[in-house]
Amino acid sequence: MFDAGGYRTARYRAPVDRDPAPARRIAQDQALRLVPGRDALFIDVLPVESGWRDPQNGVWRLAEPHGSIPGALWHPETGRGAPDPRLWAALREAVARVRAQHPDWPVVLFCRADCWMGWNAARRLANEGVTQVYWYGEGIDGWHAAGHVLSPVSPVLVRPQGAAAGSEK
């Protein structure tokens, strides 16, 4: 269930039993003290459930709305063992843009409790040299269980290579 790089590649919804080194796990109480978009960059990597991404324009078609941590960016599918290279590049670009303005902000990656996708994404980002990368293991479920609201979020639009702006109609 793991590849040669140590990333989980199957059965993502299962208890996580190891550290995401070189990323670090952020404790629930520490995560809850951060305000996404003010103190840290939060990135939701939960896949789109019952939906798909149009290969022509990159627009996600959702069967159901997704609630996430308010202020988080949603980069679906980037927590897979082998994420789509274009989707992963878009996540990296988002981190670089935010870090250019807020170099000291931690990057907190998450999905749901007992889900390896946030773990994979945090580990991959840290392995690629990004510093202050954290995995929030309780994710959306822990945030909500602690009495915090979730808000509707749309997936980040990632256009296919060569697609023009405005082609999402």
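His-102 sits in the loop between α2 and β7 (107–110), where helices (DSSP runs of H or I, at least four residues) and strands (runs of E, at least two) are numbered from the N terminus. With a relative accessible area of 30%, His-102 counts as partly exposed; on this scale buried means under 20% and exposed over 50%, with partly exposed in between, for a 1.4 Å probe and protein chains only.

The model is a predicted one, in which local features need pLDDT of at least 70 and side-chain atom pairs count only at pLDDT 80 or more, while totals for chains, interfaces and linings use all residues. Residues are numbered from 1 along each chain as its sequence is written, and side-chain values use heavy atoms, with hydrogens and water left out.

| Pair | Separation in sequence | C-alpha to C-alpha distance |
|---|---|---|
| His-102 and Asp-39 | 63 residues | 9.0 Å |
| Ala-121 and Glu-77 | 44 residues | 9.7 Å |
| Val-158 and Arg-86 | 72 residues | 7.6 Å |

Val-158 is placed in the segment after β9 (151–153), and its relative accessible area of 3% makes it buried. Leaving out residues up to four places away in sequence, Val-158 is in contact (heavy atoms within 4.5 Å) with Arg-53, Gly-58, Arg-86, Leu-87 and Ala-90, so that Arg-86 of the tabulated pair is also among the residues that Val-158 touches.

Ala-121 is a residue of helix α3 and is buried, with a relative accessible area of 0%. Once neighbours within four places in sequence are set aside, the residues that Ala-121 contacts are Val-45, Thr-78, Gly-79, Trp-88 and Leu-109.

On the side of α2 the contact is made by Trp-88, Leu-91, Arg-92 and Val-95, and on the side of α3 by Ala-121, Arg-124 and Leu-125. The crossing of α2 past α3 is right-handed, in the sense that the near helix is turned clockwise from the far one by less than a right angle, anticlockwise being left-handed.

**Rings and charges**

Which charged residue of this contact lies over the face of Trp-88? Arg-124 does, at 5.6 Å from the ring centre, where a charge sits over a ring if NZ of Lys or CZ of Arg is within 6 Å of the ring centre and within 35 degrees of the ring normal. Elsewhere, the charged end of Arg-18 is placed over the ring of Phe-2, 4.3 Å from the centre of that ring.

Rings of Phe, Tyr and Trp (its six-membered ring) pair if their centres lie within 6.5 Å, with planes under 30 degrees apart counted as stacked, over 60 as edge-to-face and the rest as tilted; by this rule there are five aromatic pairs. Trp-116 and Trp-119 form an edge-to-face pair, with 4.9 Å from centre to centre and 75° between the planes. These two residues are three apart in helix α3 (residues 116–127), which means that about one helical turn separates them, and both Trp-116 and Trp-119 are buried. Ring pairs also join Phe-42, Phe-110, Tyr-136 and Trp-143 into a cluster.

**Backbone details**

In the segment before β1 (24–25), Pro-22 is linked to Ala-21 by a cis peptide bond with an omega of about 15°. Arg-11 is located in the segment before β1 as well, and its phi is positive, near 45°, although Arg-11 is a residue other than glycine. Arg-11 is exposed, at a relative accessible area of 60%. Ser-50, in the loop between β2 (41–44) and β3 (51–53), likewise has a positive phi, about 60°, without being a glycine, and at 55% relative accessibility Ser-50 is exposed.
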